[in-house]
Amino acid sequence: MSLATWIQPPFGPVQFWTLVVLSGLGTWMLRASFIQLAGAFQVPRWLSRALRYVPPAVLAALVVPALVQADALFTPAWDWTRPAAGAVAVAVAALTRRVILTLVVGMAALWTFSALGW
Amino acid sequence: MPPPASPSPAPESATGPDAGRGACLWAGVRAILPILPGIVPFALVAAYGAKEAGLSLAGALGLSTIVFAGAAQIAFVSLLATGAVAPVILATVLVINLRMVMYSASLAPHLRDAPWWARGLMSYIVTDQAYAVSITRFSDAPRMRHKAWFYMGTAAPLWIIWQVFTVAGMLAGAEVPPEWGLEFTVPLVFLVLLVPAMRDRPSIEAAVVGGGVAVMLAGLPFNLGLMIGGLSGIVWGVLAEDRQTRRQRRARARPGDRAAEQEADR
């Protein structure tokens, strides 16, 4: 079998499953990287310092674009619904730190603002 | 001088130092419950994409169980449908999942005591959601004894829901009406987790930079905005901590300045 049949579509079942397994294996290696090595070596100081900032930095990078819907920046029709509902949720989250309450108020705000046709 | 009182709320008793394995597992399940409805539309979208790309039920389920990463799965099937070559598909999946390395490094010290095979299993089910919920609790309750069990409690239900709704989406073509905006619940939960993560000046700056960069780069493909935003925030946080330390040292060097001295002692 030539290399091209592995690289170029259309893929047969063998090629498809090989690609799935390689994707899964590669993804597992990314996930397992540090979890598997933990204990095998002393974590260097610079790394343990940097790790303290993973939660705030990554959580913000997950949250802010989802609330602001940033791709809307580049389309003429700016949708205010999500940023507005997000702002309400930010207030509730900051004041109460309660998951369910933030969910309920945030979703209620989203539906209300959509119904108002913002 | 006694340490300053922690600004975060008292760790929940369910995950205190004496909590057993079952209690920790159950606490993890309860912590992840509010996030589960939000991933249902996501799973259905992934299943729909797989169906459109011509995957069989076995193919779609194979992808969702072997890779188990939503954004990467959606990219996989849409590239497959457009006739991309295999190396491009593989590289795209891996780039999208690069952020998992950050989660792995962040979780590793907490899961260190588990046996290697359990760590292998726990690695397989690392997700944005399980990471965020677990790391938040671990910093609130640092003395929890069975952190691995708590983590499993958060991660396993996500896996189950993901597979169930992949099958449901493939069989029924079911779709949650998009105007419900159910996927909006996911950032809402992350938001609640973000608040206690911003516990001091450097971590607040890390969050501002991480979120700001991610928004500006949100148009980039492969989830790169999240990756670059996260990394920028981390680097900024470390630099901000250095700046804070230098400020405190300078203040300490100046005798007589009482407020500054107290600040430096913290």
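Where in chain A is Pro10(A) found?

Reply: Pro10(A) is found in the loop between α1 and α2 of chain A. The model is predicted: local features need pLDDT of at least 70, side-chain atom pairs count only at pLDDT 80 or more, and totals for chains, interfaces and linings use all residues. Residues are numbered from 1 along each chain as its sequence is written, while chains are lettered from A and ligands numbered from 1 in the order in which they are written. Helices (H or I, at least four residues) and strands (E, at least two) are DSSP runs, numbered from the N terminus.

The peptide bond that leads from Pro9(A) into Pro10(A) is cis, with omega near 0°.

In total, 62 residues of chain A are in contact with 74 residues of chain B; contact means that the C-beta atoms of two residues, placed from the backbone, lie within 7 Å. The side of chain A that touches chain B has 46 nonpolar, eleven polar and five charged residues. Here Ala, Val, Leu, Ile, Met, Phe, Trp, Tyr, Cys and Pro count as nonpolar, Asp, Glu, Lys and Arg as charged, and the others, Gly among them, as polar.

The axes of α4(A) and helix α10 (residues 185-197) of chain B come within 9 Å and cross at roughly 145°. Axes are lines fitted to C-alpha atoms, for helices over the stretch in contact, and angles run from 0 to 180 degrees between N-to-C directions. Residues of α4(A), including Leu59(A) and Val63(A), meet residues of α10(B), including Phe190(B) and Leu194(B). This contact has 14 nonpolar, no polar and no charged residues.

Another loop of chain A, between α5 and α6, holds Arg97(A). Its phi is near 55°, a positive value in a residue other than glycine. Arg97(A) counts as partly exposed because it has 15 C-beta neighbours inside 10 Å; a residue is buried with 20 or more other C-beta atoms within 10 Å of its own, exposed with 12 or fewer, and partly exposed in between, with C-beta atoms placed from the backbone.
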